[in-house]
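Q: Please take a close look at one part of this model, namely the sheet together with the helices and the core that go with it. A connected account is requested.

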Amino acid sequence: MLPDLLQQMGFIAADREVDRPAVGVSACLIGRPVRYDGGHRRHARVHDELAGLVRLVEVCPEVAVGLPVPRPPIQVVQIKGARRVRHVTAPRQDLTEALADQAGAVGPAISGFVVKSRSPSCGLGTTPVHDDQGRPFALGDGAFAGALARRHPDLPMANDSDLDAPLFTQAFLLRVFCHHHWRTHGADGLTTLRARSGRLDEPLLSGTRRFLDRLAAIEKPLTPAR
């Protein structure tokens, strides 16, 4: 079904992985045992469906900043109006900036990112925020995901939980391929994509055109796709 949708927009899923759009992914979602408890959260749709259409680039910001596996849990805590990522049992150890800085290590040719929902580093709008007594009271971003979204506002991003909905998966994949096309062909390529989007049904048609408008508002792609 997903390859058929791509063909509607004139996209071909390349046989060679190197020719596919690059999509960052939280490493635990493709089965890497990097979580704080030594486990993983392999996500079937990411591992079994998206992996055949895009080139997955695995990232674990917590391991990247030197945290071991397994490791003590961390959480997002709101202190004097600021949200910080700290160890649950050692709250003086603050990892906020270190995790946020990992967003700068994401390659410029990435055309999408799938993050682990509810993670204090990777969740996007789904991460529990705790008060100074450790009680959850709101949802927000993990330090890495929030920094990545601010750094690359044009980048299609999704929680793994978002992809449980087939329609969301379709919309996300279209945006990834549109982003990749834009990076390859520049602003001129958006005219072609707008014309092709007329082949889509609603709500994919309106959603894809809104995304193309966002890309058009950016002066030009930062770098070539590769």
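The account that follows treats the sheet, the helices and the core in turn.

A: This is a predicted model, in which local features need pLDDT of at least 70, side-chain atom pairs count only at pLDDT 80 or more, and totals for chains, interfaces and linings use all residues. Residues are numbered from 1 along each chain as its sequence is written, and side-chain values use heavy atoms, with hydrogens and water left out.

The sheet is open and has 4 strands, in the order β2-β1-β5-β8 with parallel pairing. Strands here are DSSP runs (E, at least two residues), as are helices (H or I, at least four residues), numbered from the N terminus; two strands pair if DSSP finds at least two bridges between them. The edge positions belong to β2 (55-59) and β8 (157-159), each of which pairs on one side only. From one strand to the next the twist averages 25°. Within the sheet, β1 (residues 22-26) and β5 (residues 110-115) are joined in the parallel sense over 3 bridges, and Val25 has Val114 in β5 as its bridge partner.

Helix α6 (residues 166-185) lies across β1, β5 and β8 and runs at about 150° to β5. For such angles, axes are lines fitted to C-alpha atoms, for helices over the stretch in contact, and the angles run from 0 to 180 degrees between N-to-C directions. Contact means heavy atoms within 4.5 Å.

Helix α6 also packs against α7 (residues 188-197), at an angle of about 145° and with the axes 7 Å apart. On the α6 side of this contact are Cys178, His181, Trp182 and His185; they meet Asp188, Gly189, Leu190, Leu193 and Arg196 in α7. By class, the contact comprises 4 nonpolar, 3 polar and 2 charged residues; Ala, Val, Leu, Ile, Met, Phe, Trp, Tyr, Cys and Pro count as nonpolar, Asp, Glu, Lys and Arg as charged, and the others, Gly among them, as polar.

Helix α7 in turn meets α8 (residues 204-216), the two axes coming within 10 Å and crossing at roughly 170°. That angle makes α7 roughly antiparallel to α8 (under 35 degrees counts as roughly parallel, over 145 as roughly antiparallel, 65 to 115 as roughly perpendicular and the rest as oblique). Leu190, Leu193, Arg194 and Ser197 of α7 meet residues of α8, including Leu205, Leu212 and Ala216. In the loop between α7 and α8 lies Pro203, joined to Glu202 by a cis peptide bond with omega of about 5°.

The largest nonpolar core has 35 residues, and those with the most contacts inside it are Leu50, Val54, Val114, Phe172 and Leu173. Such a core is a set of buried Ala, Val, Leu, Ile, Met, Phe, Trp, Tyr and Cys residues joined through side-chain atoms within 4.5 Å, where buried means under 20% relative accessible area, exposed over 50% and partly exposed in between (1.4 Å probe, protein chains only). Elements that each supply at least two of its residues are α1 (2-8), β1, α6, α7 and α8; the largest share, 7 residues, comes from α6. Leaving aside neighbours within four places in sequence, Val114 is in contact with residues that include Val23, Val25, Leu50, Ala158 and Phe172. A second, separate core of 13 residues includes Val115, Ala145, Leu155 and Met157.
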